[in-house]
Amino acid sequence: MSFIGGYQSDVNLNDINFVGDFPIDHSIGGFGVTTGVDDYLLALTPAILQYRQGLPLEVRFSQPNTGAVTINVDGRGAIAIKKIVAGVLVNLEAGDLTNDKIYILIYDGVVFQIANSSHLLKEATETHKGISQIATTQEVDNGVDNTKIVTPAKLAAYIADKITGLWEDKGLINCAGNPLYPAGEVGDAYTVSVAGKIGGAFGQNVGARDVIYCNTDNAGGDDENVGFAWTLIQSNLEQASEFIAGYARIATQAEVTAGINDSKFITPLKLITWLASQLATELQPGISERATQAEVNAELDDQRHITPLKLINWFITKTATEAIAGIAEIATQAEVTAGIDDTRFVTPQKLAAYVAGKITGLWEDKGTINCAGNPNYPAGLKGDAYTVNVAGKIGGPAGVNVEVKDVIYCNTDNPGGTQLAVGANWTIIQANLEQATELLAGYSELATVAEVNAGIDDQRIVTPFKLRVLLDNRLATEILSGLIELATQAEVNAGLDDVRAVTSLKLMTLLNALLKYQAGAGANSIIPKLGVNNTAPGSHAAVLNGNNNRANSTFSVAIGSYADAWQFNEYSKAPGAFFATQGSVQHSVLTIWNIVPSGGGIYPINLDGGGASASNRWRIPNNSIIQFMLQFSIVQNSGSAGTIGDTWTAIYEGVAKNVAGVISWVGGAPTAREIRQDAGLSPSVSFGTSGNELIPIVIAIANKNLHVNITGYITQTKFSL
């Protein structure tokens with residue numbers, strides 16, 4: 001006796017003589033417990049020789065999965081494990097595999113399929129029984145989620161402020177003798193048993209089965225005095241249609257069987273007679289056999305139906321919470337009424353019993369209103385509603401246009417008046433709806449899946465389900481917008497994937513690794529740090545660190561040991577910076593250069609060179625002190641007087657402060673010291689202020705063109721007044 005594939009057999013495998021390549025491991029498979037996570041390893045005894053199509057395995061997984069899964073059996077190679085969702089094989093999701101179940105895997109020649117998919121939960125839809133999550137309070141209040149369930153506690157919280165009462169049936173009233181209105185309270189309703197008038201001889205005509213409804217508490221009386229407090233509801237119904245509630249005939253058995261009449265009702269008897277001859281398929285509704293428990297658990301039979309007992313046996317271990325889809329008990333009437341249980345379901349019957357004791361009325365029909373004369377809004381309480389019987393305006397001549405059967409509804413208590421005074425307290429409900437457009441609210445049909453996918457219909461409505469179906473099948477490309485995965489950091493770094501999206505975090509991670517020190521030789525280039533004998537030959541290029549570096553073009557910078565500026569040209573350097581942070585101290589070194597032409601005039605030597613821009617001036621921020629030492633070097637460059645090359649140097653030290661926007665010198669304006677000069681050059685240097693700017697000034701000299709270079713050592717201290 002032996003066991004093959006989980007079944008008992010009297011065949012002794014040791015007695016079988018194998019001829020050729022008899023696939024014994026094709027049908028035997030084996031049982032084992034894996035090691036690892038996601039990329040699982042499995043060792044069988046005896047080991048299989050190879051993967052064969054149809055190979056079965058019974059497996060307990062040592063650890064739950066965190067994403068897509070592979071399994072390597074006896075070192076024969078990693079094979080993906082997939083599940084069936086909506087008839088399609090897909091990768092497993094995190095948590096699909098647990099360590100407390102045994103899974104049956106069948107090799108199909110490419111992947112291992114999970115055969116006992118009853119371990120994988122199904123979610124309930126309007127056409128498919130299954131499990132569901134409990135909706136959160138916010139989801140219940142929003143009222144847009146159609147996939148989660150509502151518990152008694154959340155239902156009670158939602159309707160507590162919504163309901164105040166509905167309708168009280170007070171019985172019949174005989175109007176043959178034109179009786180007065182009876183005394184009534186809001187919600188009282190009488191059904192007319194005999195036609196006549198109500199409210200006296202000059203009252204309103206009523207027919208049998210019409211209803212008189214009390215919309216305002218009153219003591220009863222004739223139509224003139226209390227008619228406004230009652231609403232007449234006519235009982236003359238129209239032929240029922242998809243858009244109108246009304247009456248209809250009962251269909252014959254032949255009409256039920258033909259299934260082409262769309263205007264008659266079907267009785268239960270004729271419906272069951274017709275169903276008895278129908279077998280259910282995916283395309284044809286009908287009857288079917290009852291599935292066995294094994295068939296339900298196997299989830300492979302697509303022809304038989306599931307009974308509640310077998311379904312509950314399948315769901316018995318699945319308990320629903322707000323975070324986990326599952327099953328729950330039906331709440332008792334006491335639990336529904338208490339409204340504190342958040343784990344059980346509410347049935348329609350118990351909901352109706354609960355609501356019946358809570359509601360006394362919502363909409364108060366105040367009767368009709370004639371708008372031919374453009375009347376003001378009447379005084380109203382929240383809930384009052386008037387039906388327009390003659391078209392015109394409501395709210396005075398400057399009010400809103402209304403038509404017959406439109407309703408004006410009071411949304412805030414108000415004393416009545418014009419549109420300007422109280423119009424915001426009333427809502428106009430149109431009775432004549434139109435087809436919805438981009439500019440007009442109205443009705444519309446639901447789009448089919450084909451119409452949603454085509455994307456050319458601009459009149460029908462797209463449901464969340466059809467939108468999800470479209471998006472699930474729409475992947476983004478360079479010419480098509482759609483869904484897209486996020487790239488991993490490795491994929492971003494490799495730069496080879498052209499189908500996934502790059503996030504700002506991953507992009508910055510890559511840029512910080514690649515562009516912090518980027519080699520270059522042209523304009524605006526940055527030379528790698530820690531080099532030797534680097535040159536910045538392009539304009540505005542920089543050598544950041546290293547040894548023996550050289551700046552060899554306009555506005556280029558060389559930093560590091562033994563660095564030099566090979567080309568004498570326009571250049572300014574200002575390491576450090578000024579900050580407006582209270583209490584901070586900053587130190588900067590500035591190199592300023594300018595030309596003072598011959599002739600006369602005052603020339604400011606600004607940090608921005610020629611002074612064409614005010615964005616780079618030397619300023620003292622508010623509530624700060626500037627301590628500085630400026631070394632002037634003035635050289636005659638050309639001119640008809642003096643000697644070219646005559647030089648004058650001097651050092652100026654000073655302290656200035658800005659207190660609440662007022663600039664002042666500390667200890668007087670800066671004066672020159674350590675003056676060195678050729679006898680033929682004696683320039684005039686001074687300092688001025690303009691607003692919060694400090695301005696070194698050189699006076700032009702007749703017939704002498706001057707080059708002015710200033711090296712400044714500046715310390716700034718912030719303080720608080």
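Which residue meets Glu485 in a salt bridge between side chains? In this predicted model, where local features need pLDDT of at least 70, side-chain atom pairs count only at pLDDT 80 or more, and totals for chains, interfaces and linings use all residues, the partner is Arg500, with an N to O distance of 3.4 Å. Residues are numbered from 1 along each chain as its sequence is written, and side-chain values use heavy atoms, with hydrogens and water left out.

The protein chain has 721 residues, of which 30% are buried (under 20% relative accessible area; exposed is over 50% and partly exposed lies in between, with a 1.4 Å probe and protein chains only). Its secondary structure consists of 15 helices and 39 strands, taken as DSSP runs numbered from the N terminus (helices H or I, at least four residues; strands E, at least two). About 42900 Å² of the protein chain is accessible surface, and carbon and sulfur atoms account for 56% of this area (Shrake-Rupley method, 1.4 Å probe). Of the contacts between residues at least 6 apart in sequence, 45% join residues at least 24 apart, a contact being heavy atoms within 4.5 Å.

In the whole structure, 18 salt bridges are found, each defined by a side-chain nitrogen of Lys or Arg within 4 Å of a carboxyl oxygen of Asp or Glu. Arg500 is partly exposed at 30% relative accessibility, and Glu485 is exposed at 51%. Shared partners join the salt bridges of Glu329, Glu335, Asp341 and Arg344 into one network.

A further salt bridge links the side chains of Glu289 and Arg304 (3.4 Å, N to O). Glu289 belongs to the loop between α6 (268-275) and α7 (293-298), and Arg304 to the loop between α7 and α8 (308-315); the pair therefore ties together parts that are 15 residues apart in sequence. The relative accessible area of Glu289 is 52%, which makes this residue exposed, while Arg304, at 29%, is partly exposed. Lys101 and Asp100 also meet through their side chains in a salt bridge, at 3.6 Å from N to O; Asp100 is exposed, with 53% relative accessibility.

Asn65 is located in the loop between β5 (56-60) and β6 (69-73) and is buried, with a relative accessible area of 3%. Its side chain reaches the backbone oxygen of Glu93 at 2.8 Å, and a polar atom of the Asn65 side chain lies 2.8 Å from the backbone nitrogen of Leu97. Beyond its neighbours within four places in sequence, Asn65 is in contact with Asp38, Tyr40, Leu92, Glu93, Ala94, Gly95, Asp96 and Leu97.

An open sheet of 4 strands has the order β11-β12-β15-β16, with mixed pairing (two strands pair if DSSP finds at least two bridges between them). Strand β15 (residues 211-214) pairs with β16 in the antiparallel sense over 4 bridges; Tyr213 has Thr231 of β16 as its bridge partner.

Technical notes
A polar contact is a pair of N or O atoms within 3.5 Å; within protein, one must be able to donate a hydrogen and the other to accept it, and residues adjacent in sequence count only if both atoms are side-chain atoms.
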